[in-house]
Amino acid sequence: MGKIGLVLICGLILAGCQGFPGFENASAASKPVTDTASTTSQPPNPKASPKAAAQPAAQPNVEAPPPTPLPVLQTDAATVSSGIVVPPLADNDSRAQALAAEKGQVDQLISQGSLTREAGAKRLYRFASKNGFLKGKADEDFWQSLIQAYRNLDDRYISPEDAAADINAAAARRSAASK
């Protein structure tokens with residue numbers, strides 16, 4: 001039994017050093033396709049892979065509709081001071097209610113004084129990232145700018161008007177990047 005195990009281990013090591021053949025290398029689908037004129041005169045190969053026959057025919061290229069540009073967020077000092085500003089969602093987004101409910105809860109905690117604006121913005125950012133609201137680098141940059149604006153507002157480095165201007169600038173960059 002010891003010799004058999006040793007032979008198996010050595011065989012696996014040797015095969016690993018040489019490289020295992022890939023799955024795609026063993027299939028008939030990876031072989032070059034010849035033109036149809038030469039294949040119609042030949043009988044079909046009975047040893048052909050059943051996976052190659054089971055693959056669907058290539059779909060014609062269908063153009064996707066152009067993405068709709070993101071609505072631009074415009075905010076003012078009163079809105080920034082009253083609660084966390086979130087980017088507007090598409091009208092047909094079914095997840096908008098969940099984000100609005102989370103925003104309402106965060107705004108209530110901020111008004112009670114149990115949560116800072118920065119912590120509220122971070123909480124909404126985590127909620128948005130967990131639920132798939134962030135679609136790319138532009139959204140990530142917007143949320144980081146939003147968190148930074150609220151951090152500076154909480155620490156009284158900037159006024160609500162300056163925070164609103166920073167948030168509007170970040171929203172404009174996000175909208176421009178999505179086009």
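I'll go through the fold, the core and the confidence of this predicted model.

Start with the layout. The protein chain has nine helices and zero strands. Of its 179 residues, 25% are buried. The accessible surface is about 12,700 Å², and carbon and sulfur atoms hold 59% of that. If you take the contacts with a separation of 6 or more, 60% are between residues 24 or more positions apart.

Now the core. The largest nonpolar core has 28 residues. Which of them touch the most other members? They are Val 80, Phe 142, Trp 143, Tyr 150 and Ile 167. Helix 6 (96-112), helix 7, helix 8 (137-154) and helix 9 (160-178) are the elements giving two or more residues to this core. Helix 8 supplies the largest share, seven residues.

As a general point, nonpolar side chains in soluble globular proteins tend to be buried together.

Last, confidence. The average pLDDT for the protein chain is 76, and 63% of the residues score at least 70. Where is confidence highest, and where is it lowest? Helix 7 (residues 117-130) is highest, with a mean of 94, and helix 2 (residues 23-26) is lowest, with a mean of 45.

Residues 22-30 stay under 50, and the model gives that stretch seven contacts beyond four places in sequence. Where pLDDT is low, the predicted coordinates should not be read in detail.

Terms used:
Residues are numbered from 1 along each chain as its sequence is written. This is a predicted model: local features need pLDDT of at least 70, side-chain atom pairs count only at pLDDT 80 or more; totals for chains, interfaces and linings use all residues. Side-chain values use heavy atoms; hydrogens and water are left out. pLDDT is the predictor's confidence in each residue, from 0 to 100. Helices (H or I, at least four residues) and strands (E, at least two) are DSSP runs, numbered from the N terminus. Contact means heavy atoms within 4.5 Å. A nonpolar core is a set of buried Ala, Val, Leu, Ile, Met, Phe, Trp, Tyr and Cys residues joined through side-chain atoms within 4.5 Å. Buried means under 20% relative accessible area, exposed over 50%, partly exposed in between (1.4 Å probe, protein chains only). Accessible areas come from the Shrake-Rupley method with a 1.4 Å probe; for residues, only the protein chains shown count as cover.
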